[in-house]
Amino acid sequence: PSERELINFLTLKNSPVLNKYDFKYENEKISIFKDNKEVCSYLIDDKEKLSRKLLELEPNIPGPIYLLKNQSYPFYDSTSGSSVLNTISLINLNSIKDFNHKIKKEIEFERFRGNIYIKGLKAFEERNWINKIIKINDTEFKVLKHISRCSVTNLKINSVQIDINIPNLLKKTYGHIDMGIYLFPINNGKIKIGDIINF
């Protein structure tokens, strides 16, 4: 895992055209959607068919495309070049609102692609949680680090259009390019919408 370089993987950062699509992985099947309509669906064992379909849909994507699966070391975009493994991202909606207010523009929260969104917390209060343990239901998480934002956030939702430079505006507004925090789950458990975060 330490040798994985994101530049060698198909990502929104190096292939923004992927932002036109939604991908769903469920029951050993990968489905591709565009404009909320299913384009195609393949069993995970049909890797070659899926790869060919991606190149058919978007011929300018660099090929060939290989799908990789590794049970021991699953891929997370925070893994490469980092000590952060198997993390979950948490975004404070009030931090996004504060950012919107200060730049006088409405940025969709979905651009930050969080796993968990929270409300009811002061803007950027989550920055004080680094190295602390938080608890949701019976599940504990260690707060590892801030999430530095890259150019992927510049893309409008479900579009290849770049309409703003979010990392640059974060830097100008706050002196950093962070939005959100990485959590590491300490134990197994279930969380759901409406749960309260405790310390």
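Trainee: How many aromatic pairs does the count come to?

Mentor: Four aromatic pairs. For a pair, rings of Phe, Tyr and Trp (its six-membered ring) need centres within 6.5 Å; planes under 30 degrees apart are called stacked, over 60 edge-to-face, and the rest tilted. Keep in mind that this is a predicted model, where local features need pLDDT of at least 70 and side-chain atom pairs count only at pLDDT 80 or more, while totals for chains, interfaces and linings use all residues. Residues are numbered from 1 along each chain as its sequence is written, and side-chain values use heavy atoms, with hydrogens and water left out.

Trainee: OK, take Phe124 and Tyr174. Why is that pair called tilted?

Mentor: Their ring centres are 4.5 Å apart and their planes sit at 55°, so the pair counts as tilted.

Trainee: And which parts of the chain does the pair tie together?

Mentor: Phe124 is in the loop between strand E5 (116–118) and strand E6 (133–136), while Tyr174 is in helix H3 (residues 166–174), so the pair ties together parts that are 50 residues apart in sequence. Those labels come from DSSP runs numbered from the N terminus: helices are H or I with at least four residues, strands are E with at least two. Phe99, Phe124 and Tyr174 also form one aromatic cluster.

Trainee: Is Phe124 buried or exposed?

Mentor: Buried, with a relative accessible area of 12%. Buried means under 20% relative accessible area, exposed means over 50%, and partly exposed is in between, using a 1.4 Å probe and protein chains only.

Trainee: What about the rings of Trp129 and Phe199?

Mentor: Their centres are 5.2 Å apart and their planes are at 80°, so that pair is edge-to-face. The pair links distant parts of the chain, 70 residues apart: Trp129 is in the loop between E5 and E6, and Phe199 is in the segment after strand E9 (197–198). Trp129 is buried at 5% relative accessible area, whereas Phe199 is exposed at 62%.

Trainee: Switching topic: which residues have the most contacts inside the largest nonpolar core?

Mentor: Ile32 and Leu50, in a core of 13 residues. A nonpolar core is a set of buried Ala, Val, Leu, Ile, Met, Phe, Trp, Tyr and Cys residues joined through side-chain atoms within 4.5 Å. Strand E2 (29–34), strand E3 (37–43) and helix H1 (47–57) are the elements that give two or more residues to this core.

Trainee: What is Leu50 in contact with?

Mentor: If you leave aside neighbours within four places in sequence, Leu50 is in contact with Ile30, Ile32, Tyr42 and Leu67. Contact here means heavy atoms within 4.5 Å.

Trainee: How does strand E1 pair with E2?

Mentor: Strand E1 (residues 21–26) and E2 pair in the antiparallel sense over six bridges; strands count as paired if DSSP finds at least two bridges between them. One example is Lys24, whose bridge partner in E2 is Ser31. The hairpin of E1 and E2 has two residues between the strands, and Asn27 there takes a positive phi near 50°.

Trainee: What about the loop between E2 and E3?

Mentor: Asp35 is in that loop, and has a positive phi of about 55° although it is not a glycine. Asn36 lies in the loop too, with a positive phi of about 65°, and is not a glycine either. Asp35 is exposed at 63% relative accessible area, and Asn36 is exposed at 74%.

Trainee: Now helix H2. What do its buried residues pack against?

Mentor: Strand E4 (88–92), H3 and E8. The buried residues of helix H2 (residues 93–103) include Ile96, Phe99 and Ile103.

Trainee: Which residue caps the N-terminal end of H2?

Mentor: Asn92 does, with a side-chain oxygen 3.0 Å from the backbone nitrogen of Asn94. That uses the polar contact rule: a pair of N or O atoms within 3.5 Å, where within protein one must be able to donate a hydrogen and the other to accept it, and residues adjacent in sequence count only if both atoms are side-chain atoms. Just after H2, Lys104 takes a positive phi of about 55°.
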